Amino acid sequence: MAANNYYDPADLRKFGNITEWSKELGDKFFDYYGKVFEEGALTAREKALIALAVAHTEQCPYCIDAYTKDTLQRGVTKEEMMEAIHVGAAIKSGATLVHGVMMMNKVNKLEM
Amino acid sequence: MLKEKKKKQQSLHKRHSELAVANKQLEKLSNGIFANGELPLFSEKIRETNQFPLRPNKLEILQINVGYMCNQVCEHCHVDAGPDRKEIMTRETMQQCLDVIKNTGAHTLDLTGGAPEMNPDFRWFVDEASKAGIKDFIVRSNLTIIRANKKYYDLPEFFKNHNVHVVSSMPHWTRGKTDKQRGEGVFDLSIKALQELNAVGYGMPESDLRLDLVYNPSGAYLPGDQASMEKEFKHALLEDFGIHFHNLFAITNLPVSRFLDYLIASENYEDYMYSLVEAYNPAAVKNVMCRNTISISWDGFLYDCDFNQMLELKVASKIQHISEYNEDILNDRKIIISQHCYGCTAGAGSSCQGAVAD
């Protein structure tokens with residue numbers, strides 16, 4: 001275990017090891033994961049960009065590391081990557097703000 | 001900043017960089033994570049599938065490096081080519097190559113460099129070699145050379161007249177990524193050169209004048225799927241510039257020379273080697289290019305591939321020079337390997353003709 005950090009970049013390479021303590025579930029997860037990212041109705045490139053945006057909204061350092069590299073490998077440009085992150089950011093902030101309607105409803109109900 | 005920029009315009013040789021010395025590169029590739037057992041040696045890896053020692057199949061490609069001089073100084077260049085490199089094949093060595101070309105069983109002749117067109121005897125050599133009746137005659141042109149000087153402007157016509165198959169580097173369909181890897185202004189010149197090749201018929205749909213592009217990543221990561229990249233390139237180059245080409249070869253950058261220097265300087269070396277080893281594909285070993293290629297250097301020595309040439313690893317055979325060439329004896333050799341070979345076996349595999357795995 002890394003002595004001073006919760007997150008260690010080298011741990012990303014060990015992701016596959018999670019199958020060691022629960023082989024059946026681990027294998028099922030990785031089969032599913034692999035299948036999700038195959039070319040389908042969406043291209044693998046489009047899926048990688050979605051993954052990059054979600055990696056940021058989830059604020060998962062491992063996922064950001066992995067999908068930055070993955071999108072670069074697929075020839076995605078910096079501009080496209082940043083736009084994808086803005087989509088994630090817009091949904092995040094939109095999701096916060098849309099709850100403002102709840103607050104407004106409550107205020108309207110409580111106030112005379 | 002200016003000093004840094006100037007440095008980038010010189011080869012490692014000119015800069016007297018430590019990594020200009022082949023042995024220093026080989027040391028680097030065998031020490032550290034490979035010496036302490038963190039990662040397996042390439043020999044150990046191919047031993048797992050009984051592919052050690054690696055041996056040649058039938059010879060198909062003669063690749064001749066006619067010199068290390070180039071008009072560009074690309075950051076990733078495994079040749080360490082540039083305007084300051086003076087190693088150039090002489091007409092005498094070319095004549096020895098021609099004698100071999102006339103009698104070889106190989107179906108492909110592949111001229112590379114540096115910028116092969118900068119060799120003063122390049123046109124004479126192409127003229128003579130094209131008479132030998134080789135099925136596929138490739139010239140690896142960096143594109144910008146076609147626009148570098150008036151004396152090169154007629155190269156598209158020259159290639160066409162000799163039915164040369166043009167293979168050109170194009171790291172991306174955007175200006176930014178291309179110029180960062182290959183130098184400022186390279187993108188615009190490359191686009192212009194491609195349009196001129198198209199104008200004489202190269203790369204056009206249904207045309208027999210073959211124009212293929214080589215993509216290699218502009219950084220410390222592996223190339224994506226070749227077919228998907230080809231689709232992206234075709235769409236973008238046609239839409240933005242009206243350019244046609246035939247195939248895209250996705251090539252992995254090998255940790256040799258300037259790319260190795262870049263990996264170390266940017267602290268990406270270990271991660272990159274991990275990526276290569278993790279992506280190791282035993283199926284790619286079957287078709288790796290050293291098994292069907294002989295690489296010939298500017299001074300006539302023989303190598304298993306262009307990368308081994310740059311690492312000064314001559315073929316392990318009693319025949320080591322073009323002047324004493326004997327295909328049967330040469331084909332009965334063990335291929336020399338080191339950890340750079342992981343670059344050719346990662347993912348779908350990589351060769352001068354792109355991906356190799358079935």
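Predicted model: local features only at pLDDT ≥ 70, side-chain atom pairs only at ≥ 80, totals over all residues.

Start by selecting B:Val166. Leaving aside residues up to four places away in sequence, B:Val166 touches B:Val139, B:Ser141, B:Phe159, B:Leu197, B:Tyr202, B:Arg210 and B:Leu211.

Now widen the view. B:Val166 sits in the largest nonpolar core, a group of 112 residues, and along with B:Leu62 and B:Tyr215 it touches the most other members. Next, highlight residues 186-199 of chain B: that's helix H9, which gives this core the most, 7 residues.

**Stop two: an annotated stretch**

Select residues 64-201 of chain B. An unreviewed UniProt entry labels them "domain: Radical SAM core".

**Stop three: a covered helix**

Jump to residues 257-265 of chain B, helix H11. Is H11(B) mostly covered or mostly open? Mostly covered: 7 of its 9 residues are buried, among them B:Phe259, B:Leu260 and B:Tyr262. Colour H2 (22-30), H12 (269-278) and H14 (306-310) of chain B to see the helices that the buried residues of H11(B) pack against. After H11(B), click B:Glu267: its phi is positive, near 60 degrees.

**Last stop: where the chains meet**

Show both chains. Their contact takes 12 residues from chain B and 9 from chain A. On the chain B side, helix H10 (residues 226-241) supplies the largest share, 3 residues. That side divides into 6 nonpolar, 5 polar and 1 charged.

Key
Residues numbered from 1 in each chain as written. Chains lettered and ligands numbered in written order. UniProt positions renumbered as here; feature names shortened; annotations may be inferred. Contact = placed C-beta atoms within 7 Å. Helix = DSSP H or I, 4+ residues; strand = E, 2+ residues; numbered from the N terminus. Nonpolar A, V, L, I, M, F, W, Y, C, P; charged D, E, K, R; others polar. Buried ≥ 20, exposed ≤ 12 C-beta atoms within 10 Å, placed from the backbone. Core = buried A, V, L, I, M, F, W, Y, C linked by C-beta atoms within 7 Å.
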